[in-house]
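Here are my quick notes on this one, point by point. Have the viewer open while you go through them.

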Amino acid sequence: MLLSIKNLKKYYATQKAVDDISFDIPQGSIFGLLGPNGAGKSTLLRMITGIFYQDSGDILFNGEKFDAAKHVAEIGYMPEERGLYKKMKIGEQAIYLAQLRGLSRAEAESRCREWFQRLDMTTWIDKKVEDLSKGMSQKLQFVITVTHKPKLLILDEPFSGLDPVNANVLKDEIFRLAQEGTTVIFSTHRMEQVEEICDKIVLVNLGKKVLDGSVKQIKQDYKENVFSLTLDNPDAVLPTNIQLLKKEQNKLTFHLNEDTNANQVLQHFITQGNSILSFEEILPTLNDIFIKIVQGTSNARAFTTV
Amino acid sequence: MKTFIIIKREYLTRVKKKSFIILTLLIPFLFIGMGALMGVIAVKGSSDVKKIAVLDESNMFPTRLKDQKKVNFAFQQGSLDSLKQHLDKDKYDALLYVPSFDKNAKHVNFQLFYNEQIGMETENDITDQLNEIITSERMKEAGINNDQLKIIQTESVNLSTKSWKDGTESSNKISFVIGYACGLILYMFMLFYGMSVMRSVMEEKTNRIAEIIVSSVKPFQLMLGKIVGVALVGLTQVLIWIVLIGIFVIIGVPMMTAGMAIDPATMNDVAAAQASDASSFAAVTAILKSTNWVMIVMWFLFYFLGGYFLYAALFAAVGSLVNEDAQESNQYTLPITIPIILGFVIMSSAIKDPNSGLAIFGSLFPLTSPIVMMARIPFGVPAWQLILSALLLVLGFLGTSWMAGKIYRTGILMYGKKISLKEVGKWLIRK
């Protein structure tokens, strides 16, 4: 386990931002931290980066107690609100921040050059940050986060504000880094991305952990036995052990009763003489699961006295 | 160490800025230029010569009222009324009417009829001359002649102040100038550089880079690095000014005096002034030479740094509390600028009475001591006061740095809501 969180708590005067959360992140995995706004994600991430101190609970990094000063070079952090010194030149700024992470000046220079080349940024080196477009500054922000080859990459809402092209570039980079052994945590509420990239996810709501597991597992846990069947002849007699949810031309979407086997349904239609064109299980999207779990709780976090 | 990296960055970004270079080089030239300009104006003045027509019914003045550089007199005959009507208003600026009068009367009223106001300077010129003439008339009647008069009127007393203990001579007036200059410079620097720190902190907070930096270093390191970096910028600026002014004094002054020598009228004025002050001029130079410049400069640097560090920490703390709204920042900055201004005010009074209770208090209290004590030093300050003041100042800036550290580290990450002073108090107590 690269990172272990045990019973972490952080209470503010007006709310319990993080209320007894525990989870583990294996090395080399891509981990998604999900939750609605105000769930406590950013506070949690800031504790992992050492910016905030927890009120109680432990953080273990690589098996030992997390020490912000000691582990600073092994962690990369990209906060949700991105900012840079506007009037500083890009090349200088990247080197400065890399040095603050512990790289020597020489190392910082060569690593930055590498990354600038890889992401087509070499022509910008002497430009000031205020001269960049938004997409360019996001690329820059990412480079700054990874220059020092951190073991653990923490990204808070990395896709927010990115256009589809840049979102894709970022996605590919995250994949590549994970393949090279970097562990990545990112927080988001863009479920489509989570499904595409993450191995494991944790869902938090109102400061508490609500889901924890691999994407596959969770979908299995929350499946509702819904299937879609495309028939040659749609006007067929339906079996009794299904509930029809939707019928579009010759595609039937139905819910399979408990104790019923999908084979039985297929058998029914085959005996009829009907041809099966396609048949698949419809697993819930994380979006659906998310909404289902979080619904029922209010949309915004209320202020309470703690 | 990472703090050095931060110091280096804070220093270089500011020193490389065009505005820094221009300002640093420009201000000494500006001062010199202004000083030269004022000097030229004082010496030359306006070249306007006022022409005064005089109707003298007492007949005392025709031979004695002499033309001056800026006032010319032309005596007329006739009655007052006819002159008032017929006098060529283009030729004369005013008409001076002297009725017959009693020499020994205490108050004599003459009248001046003007086209346009002739100005205070001319008015004084005329009055002075008239008075001189009447005075010497009175003297003549009393039996005193002009040479005797000159001896009577010479200001002969010069008070030479010496220290009771060791007899070293000093001058209150010179100390006044040095003290005031030092106090003023410190006041401006502490305010200017303190605000520079504050603005930088605010920028880092509003454009969110603070969070990135604080994930790599402790907030205290960022704050300290910034404060020290700006201090070095200030020192650099002061050193450049000292060098520039030094060069000016060595090269420029002889050039200026050479220039003035070209105009003989000016030379006469300057020579006349110098002749009368010859003895005091020598005394002034002697005192300037004997002033302990080394001590003054060293204490200046000490109080510059000490006062700056004390206030820069407070400015940093305040900067971390402000949100997007720039108006808000004024309400936070005010409590900090008030003691600085207070220090300046106390200094202005302390400089007239350097050993009064107020002066002593002001030079010991850390919030005002840099400005007040610095102004007192040229007058000589008892050693125990200096040591106590220095100690208190050091404790002062250690205290404000500690306090500022606690406020800064929480403040820079707190966005959105307005931060109340009560909440700030809680941060100070929390671990």
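This is a predicted model: local features need pLDDT of at least 70, side-chain atom pairs count only at pLDDT 80 or more; totals for chains, interfaces and linings use all residues.

**Strand pairing in chain A, then the rest**

1. Start with strand S1 of chain A (residues 3-11): it runs antiparallel to strand S4 of chain A (residues 56-61), and five bridges join the two.

2. The S1(A)/S2(A) pair makes a hairpin, with four residues between the strands.

3. Zooming out, chain A carries 10 helices and 14 strands. Its C-alpha trace spans about 75 × 50 × 35 Å along the principal axes.

4. Looking at contacts in chain A with a separation of 6 or more, 69% are between residues 24 or more positions apart.

5. Now the contact between the chains, which takes 18 residues from chain A and 15 residues from chain B. On the chain B side, helix H1 (2-15) and helix H7 (209-214) each supply at least two residues. H7(B) gives the largest share of that side, five residues. Sorted by class, the side of chain B that touches chain A has seven nonpolar, four polar and four charged residues.

Technical notes:
Residues are numbered from 1 along each chain as its sequence is written. Chains are lettered from A and ligands numbered from 1 in the order in which they are written. Two strands pair if DSSP finds at least two bridges between them. Two residues are in contact if their C-beta atoms, placed from the backbone, lie within 7 Å. Ala, Val, Leu, Ile, Met, Phe, Trp, Tyr, Cys and Pro count as nonpolar, Asp, Glu, Lys and Arg as charged, and the others, Gly among them, as polar.
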